[in-house]
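Let's take a walk through this one together. Have the sequence and the 3D view open side by side as you read.

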Protein chains: 2
Amino acid sequence: MKDEYYMKIALKLAQKGRGYVSPNPLVGAVIVKEERIIGRGYHQHYGGNHAEINALKNASEDACGSTLYVTLEPCCHEGKTPPCIDSITKHKIARVIIGSIDPNPIVSCRGISNLQSCGIDVKTGVLEPECRKLNEVFFLFMEKKLPFVTIKYAQTLDGRIATATGQSKWISSAASLKFTHKLRAQHDAILVGAGTVIKDNPELTVRLVRGRNPLRIIVDSALKIPAKSKVLQNLSQNKTIIATIKKASDPQFQRLTNLGAEVITVVADKQGNVDLKKLLKILAQKNISSLLIEGGAQIITSILMNNLANRMVTVIAPKIIGKGIEAVGDLKIRNLDSAKKLSIRKITRSGDDIIIDSRLS
Amino acid sequence: MKDEYYMKIALKLAQKGRGYVSPNPLVGAVIVKEERIIGRGYHQHYGGNHAEINALKNASEDACGSTLYVTLEPCCHEGKTPPCIDSITKHKIARVIIGSIDPNPIVSCRGISNLQSCGIDVKTGVLEPECRKLNEVFFLFMEKKLPFVTIKYAQTLDGRIATATGQSKWISSAASLKFTHKLRAQHDAILVGAGTVIKDNPELTVRLVRGRNPLRIIVDSALKIPAKSKVLQNLSQNKTIIATIKKASDPQFQRLTNLGAEVITVVADKQGNVDLKKLLKILAQKNISSLLIEGGAQIITSILMNNLANRMVTVIAPKIIGKGIEAVGDLKIRNLDSAKKLSIRKITRSGDDIIIDSRLS
């Protein structure tokens with residue numbers, strides 16, 4: 001109970017790094033001595049001190065003999081910063097309580113054994129589900145070598161993302177648009193299909209809130225997006241990757257490369273389009289751990305069909321339009337037992353809209 | 001402020017009658033003397049005492065000189081019970097504070113003027129929107145001479161009520177099924193199309209919760225539902241009305257009447273189906289003030305198309321099935337500005353599902 005109490009505080013601290021540490025995990029740490037918290041820390045930004053180090057630095061008194069609570073197994077390797085294990089032993093911490101084991105193969109469990117061999121008492125698995133949930137992106141990325149994929153779209157209450165004539169601006173409220181920008185800032189990259197670029201000509205940047213612009217990825221199997229598309233402007237500032245099945249010898253490939261976009265050739269799937277799983281593997285290799293998919297229906301359907309989605313963020317506008325365009329097309333599901341199951345994580349109001357945040361299981 | 005405080009208590013009392021007073025309105029009353037509540041009452045069941053009378057009966061001391069707070073204008077006519085005005089004057093109440101004016105043309109404003117002519121101080125409009133909201137069914141029924149129409153259906157998160165092969169059992173959870181039965185018990189009647197009877201053969205009764213069975217209404221323009229349908233069983237206990245465009249001379253009309261159903265002929269609309277607005281007018285004349293529509297898609301679409309719906313209860317199951325059947329068909333809306341707007345009243349969880357309760361404006 002006491003361990004869980006302190007781990008909860010460490011979890012709350014970890015949250016503060018959200019949006020700044022990716023692709024590193026969120027980590028929080030608390031140092032407790034004689035029932036008093038003497039130090040708190042969290043991983044604040046990518047490349048910065050780890051949570052344990054910050055907690056030690058912030059400690060109000062000598063940490064000798066204290067207990068360190070940390071949401072993720074301390075590292076034992078030299079990365080952008082020295083190994084945390086060294087600081088822990090140097091400060092003569094007596095006990096380390098760990099939430100989740102690091103899935104990073106160069107750390108996993110070695111941190112624990114190193115601590116133990118230094119005579120430090122180690123306990124693991126305290127609030128482990130919560131600690132894993134905190135870093136769901138990081139765990140998936142490390143364990144599957146794929147980006148954590150979030151599908152986001154806005155629909156009417158009757159499930160339409162556009163009218164029968166294709167009108168979709170704006171289904172959702174101004175508040176939800178701002179929410180979308182916030183979501184973008186929390187992701188390493190945004191992906192849309194060429195159809196969305198041609199039809200809506202979005203900028204795919206973060207403008208309505210403060211935050212970094214994610215990398216833009218356009219799936220354009222036939223390389224047909226026009227040169228004047230907004231996603232092809234200011235490429236020196238905001239990078240755009242175009243995924244195609246065309247080879248580098250294709251004149252369109254050359255044209256887009258000359259504009260400053262990065263064009264990558266991906267093998268085709270059975271339908272002759274970019275194989276999305278292959279593309280995601282390539283993106284993971286490029287250190288993209290979280291990917292936001294903003295449409296259109298063809299990409300969303302294909303991602304779901306290939307079981308590549310991890311999270312759905314569905315904005316529901318309190319409107320009814322009847323016959324129109326739906327976000328999810330044919331998944332070949334004919335039996336309700338085969339429906340894709342979601343677990344709802346959070347329901348929030350956004351202006352007049354409802355936002356349902358769920359996970360695919 | 002003080003008036004609103006006591007009116008809120010009267011509103012809470014009124015709620016207690018929900019499910020028992022229809023087609024009468026919910027009414028609550030509080031008697032206040034020298035800043036103390038000396039009596040509370042509400043309309044408990046159809047045909048029973050009005051709220052004011054119950055508050056006077058329950059009063060712990062002489063109500064002379066006190067203030068009566070009542071959510072709806074007191075009646076001045078002999079109905080199933082004597083006029084409330086008489087009791088109010090007899091008990092020498094000094095002041096009457098009213099929430100909403102009675103829309104019933106035989107009461108409207110006459111209650112107020114009668115009280116005033118008896119020398120009683122009257123104030124109206126205290127928490128009027130809340131008092132009208134409390135009796136939204138009653139107000140609509142009285143003012144428009146139409147039943148208050150609730151459309152209820154269960155859909156997946158991606159907006160489907162059945163798979164492409166028509167499978168719909170069960171989209172939603174057991175908890176939501178129970179919720180549906182509760183909703184049925186709160187309505188005077190349930191309406192479904194013949195297609196739903198033929199496909200799902202529902203009983204349309206209240207079984208999973210305690211409550212009265214609403215009247216069942218089947219829209220069957222061509223009189224094609226089979227005699228073995230569950231809605232045609234036990235007709236002496238649970239009444240069923242079948243609305244058709246066929247005349248009484250039609251052999252099917254005779255067959256269904258002989259089974260014990262009430263068959264009514266309604267004029268046809270342009271498509272040659274039962275004109276739903278005409279049907280609702282007939283149902284209002286039969287004292288049906290609240291109508292629950294449980295499907296199918298054709299009826300739901302037609303009700304929305306004709307602007308006959310007042311409330312939508314949408315059960316959203318955390319599932320994705322892709323291509324399938326949608327609840328709302330073509331409403332001829334091609335422009336988002338013409339979308340039907342809803343105001344969301346309540347969002348609740350029901351098992352794994354989400355229930356969105358909204359009103360059409």
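This is a predicted model: local features need pLDDT of at least 70, side-chain atom pairs count only at pLDDT 80 or more; totals for chains, interfaces and linings use all residues.

In chain A, look for an open sheet of 5 strands, laid out in the order 2-1-3-4-5 with mixed pairing. Its edges are strand 2 (36-42) and strand 5 (121-123) of chain A, each of which pairs on one side only. On average, neighbouring strands here are turned by 15° against each other, direction ignored.

Strand 1 (residues 28-33) of chain A pairs with strand 2 of chain A in the antiparallel sense, over 6 bridges. One residue pair to click on is A:Lys33, whose bridge partner in strand 2 of chain A is A:Arg36. Lying across strands 1, 2, 3 (67-72) and 4 (95-100) of chain A is helix 1 (residues 2-15) of chain A, which runs at about 140° to strand 1 of chain A.

Next, the contact between the chains, to which chain A and chain B bring 40 residues each. On the chain B side, the elements giving two or more residues include helix 11 (297-305), strand 6 (148-156) and strand 17 (353-360) of chain B. The top contributor on that side is strand 16 of chain B, with 6 residues. By type, the chain B residues touching chain A split into 19 nonpolar, 13 polar and 8 charged.

Strand pairing also crosses between the chains: strand 16 (residues 340-350) of chain A runs antiparallel to strand 14 of chain B, joined by 2 bridges. To find the spot, pick A:Lys341 and look for its bridge partner in strand 14 of chain B, B:Lys319.

Technical notes:
Residues are numbered from 1 along each chain as its sequence is written. Chains are lettered from A and ligands numbered from 1 in the order in which they are written. Two residues are in contact if their C-beta atoms, placed from the backbone, lie within 7 Å. Helices (H or I, at least four residues) and strands (E, at least two) are DSSP runs, numbered from the N terminus. Ala, Val, Leu, Ile, Met, Phe, Trp, Tyr, Cys and Pro count as nonpolar, Asp, Glu, Lys and Arg as charged, and the others, Gly among them, as polar. Two strands pair if DSSP finds at least two bridges between them. Axes are lines fitted to C-alpha atoms, for helices over the stretch in contact, and angles run from 0 to 180 degrees between N-to-C directions.
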